[in-house]
Amino acid sequence: MKHPGKFITFEGGEGAGKSTQAELLAKRLTDKGIEVVTTREPGGTPGAELVRYLLKTGMLEPLGPFTETIMVSAARDDHLNEVIRPALEDGKWVISDRFADSTRAYQGSASGVEPEIINALERIVVGDDQPDLTLLLDLPLETGLDRAKSRAGEEGVEDDRFDRQDKNFHKNLREAFHDIAEQNPDRVVVVDAGRLKRSVSSSVWKVVQDRLLS
Ligand SMILES: Nc1ncnc2c1ncn2[C@@H]1O[C@H](COP(=O)(O)OP(=O)(O)OP(=O)(O)O)[C@@H](O)[C@H]1O
Ligand SMILES: [Mg+2]
């Protein structure tokens, strides 16, 4: 991917700290004078945010995981064309809170959509625009789910059907993300997210400096 900008994604299970760390990294990069676009998936455009609402509230659930995969891929296509690619072409750095790995883990491994379908849709929608760096925030299931639960009911916190999935679903998710990291060592770096926010943020910053700023 030869855009002048850099594309960074945060991945991981519920409550891992993706939104928190994406914000902290954006601040560090901005302080270094780098123009940063912070965004999220599903979402980032009006149409993609609608898909996010339908997905998180469970309205898509009756249609099944295959349809969910198609919908989040369509949302990603719009997000890439309207936000991510133009920003990278401008030389800005893009930080996305979730991206294609989440579809591979949530709709693929944890919900049973065949890898061939996931691969084909990713090839069509993402093509060569894979992230330069993916930070996989990893922590024990319970810690993440407790954090997500403690956040539930806070002002502006969206209803999330994935928070209500059983332990086995979240266990499959964590394994799926680990597999993605093992298969993509050049792109994906696993960060222990079970520590204090500032400790996690320091580890994230060290990885970004080593991989993208040196
Ligand atoms: N290192 C940390 N230690 C303790 N609490 C944390 C830490 N990081 C984030 N939190 C808190 O845990 C909750 C979940 O964090 P956050 O929203 O960043 O997670 P997330 O990965 O974006 O979750 P989701 O996948 O549900 O969007 C928030 O209330 C946040 O303040
Ligand atoms: Mg979040």
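1. R98 is found in the loop between strand β3 (93-97) and helix α4 (100-109), in what is a predicted model. Helices (H or I, at least four residues) and strands (E, at least two) are DSSP runs, numbered from the N terminus. Although R98 is not a glycine, its phi is positive, about 80°. Most residues other than glycine have a negative phi, and most peptide bonds are trans. R98 is buried, because its relative accessible area is 9%; buried means under 20% relative accessible area, exposed over 50%, and partly exposed in between (1.4 Å probe, protein chains only).

2. The peptide bond from E41 to P42 is cis, with omega near -15°. P42 has its place in the loop between β2 (36-40) and α2 (46-56).

3. The conventions are as follows. Residues are numbered from 1 along each chain as its sequence is written, and side-chain values use heavy atoms, with hydrogens and water left out. Because this is a predicted model, local features need pLDDT of at least 70 and side-chain atom pairs count only at pLDDT 80 or more, whereas totals for chains, interfaces and linings use all residues.

4. Helix α3 comprises the 26 residues 64-89. After α3 comes G91, with a positive phi near 85°.

5. The structure holds 15 salt bridges, a salt bridge being a side-chain nitrogen of Lys or Arg within 4 Å of a carboxyl oxygen of Asp or Glu. One of them joins R85 and D129, with the closest N and O atoms 2.3 Å apart. This pair links distant parts of the chain, 44 residues apart: R85 belongs to helix α3, and D129 to the loop between α5 (115-125) and β4 (133-138). D129 counts as buried because its relative accessibility is 10%.

6. K92 pairs with D90, the closest N and O atoms being 3.4 Å apart; K92 is partly exposed at 22% relative accessible area, whereas D90 is exposed at 55%. R195 pairs with D192, with the closest N and O atoms 3.9 Å apart. R195 is partly exposed, with a relative accessible area of 32%, and D192 is partly exposed, with 44%. Elsewhere, salt bridges that share partners join E61, E68 and R161 into one network.

7. Helix α1 (residues 18-31) packs against helix α8 (residues 197-213) at an angle of about 55°, with their axes 10 Å apart. Axes are lines fitted to C-alpha atoms, for helices over the stretch in contact, and angles run from 0 to 180 degrees between N-to-C directions. The two helices are therefore oblique to each other: angles under 35 degrees count as roughly parallel, over 145 as roughly antiparallel, 65 to 115 as roughly perpendicular and the rest as oblique. The crossing of α1 past α8 is right-handed, that is, the near helix is turned clockwise from the far one by less than a right angle.

8. A22 lies in helix α1 and is buried, with a relative accessible area of 2%. The C-alpha atoms of A22 and V204 are separated by 9.5 Å, although these residues are 182 residues apart along the chain.

Technical notes:
Chains are lettered from A and ligands numbered from 1 in the order in which they are written. The expected span of a helix is 1.5 Å times one less than its number of residues.
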